[in-house]
Amino acid sequence: MNFEINPEEEKFLQVFREFCSKEIQPKVNDAEESGEIPRSHFTKLYDIGYNGLLHKEEYGGSNSSYLNAILTQEILAEYCGSTFFSVGASVGLFGLPISEYGTDEQKKKYLPHVITGKKIGCLAVTEPDAGSDVSALKCTVKKSGNEYILNGQ
């Protein structure tokens, strides 16, 4: 893995920090009090290139390096952890498994909308005795012919 940042990435990080200072930070208190991330954050983060960092260009991403994506995520988390987690869940926890393991049809159907912020993806992992601890899930899935049988709560 290359741990060097090129001048283009360095400029992006600088511009992104300025963006977070101007667009994200002023709305942090309102978001925390209301318990909601402004929907505009999703689209503005797309406009500046954040949402598509780890996604392919053909779906609206920029196919960025992991290092650049991590440094950019660190900046967003510094300004607003809630926005970092919410947008990250949409484009990351929801989007990346589709990007890596989805069919071409699924990628075309979901990724462009999630990357642009027009739709918000989610990840649902909870059970009565597990909460969000995915290692404690007891749910199972088995293929039976052309169907999948899902057992759990």
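The largest nonpolar core holds 22 residues, and those with the most contacts inside it are F16, F19, C20, I24, L45, Y50 and L76. A nonpolar core here is a set of buried Ala, Val, Leu, Ile, Met, Phe, Trp, Tyr and Cys residues joined through side-chain atoms within 4.5 Å. The model is predicted: local features need pLDDT of at least 70, side-chain atom pairs count only at pLDDT 80 or more, and totals for chains, interfaces and linings use all residues. Residues are numbered from 1 along each chain as its sequence is written, and side-chain values use heavy atoms, with hydrogens and water left out.

- The largest share, six residues, is supplied by α1.
- C20 is in contact (heavy atoms within 4.5 Å) with Q25, P26, I75, L76 and Y79, leaving aside residues up to four places away in sequence.

**Helix α4**
- Buried residues (under 20% relative accessible area, exposed being over 50% and partly exposed in between, with a 1.4 Å probe and protein chains only) of α4 are L67, N68, A69, T72, I75, L76 and Y79.
- Their cover includes α1 (7-24), α2 (28-34), α3 (39-48) and α5 (81-101).

**L150**
- L150 belongs to strand β2 (residues 147-151) and counts as exposed because its relative accessibility is 62%.
- Beyond residues up to four places away in sequence, L150 touches C139, T140 and V141.

Methods:
Helices (H or I, at least four residues) and strands (E, at least two) are DSSP runs, numbered from the N terminus.
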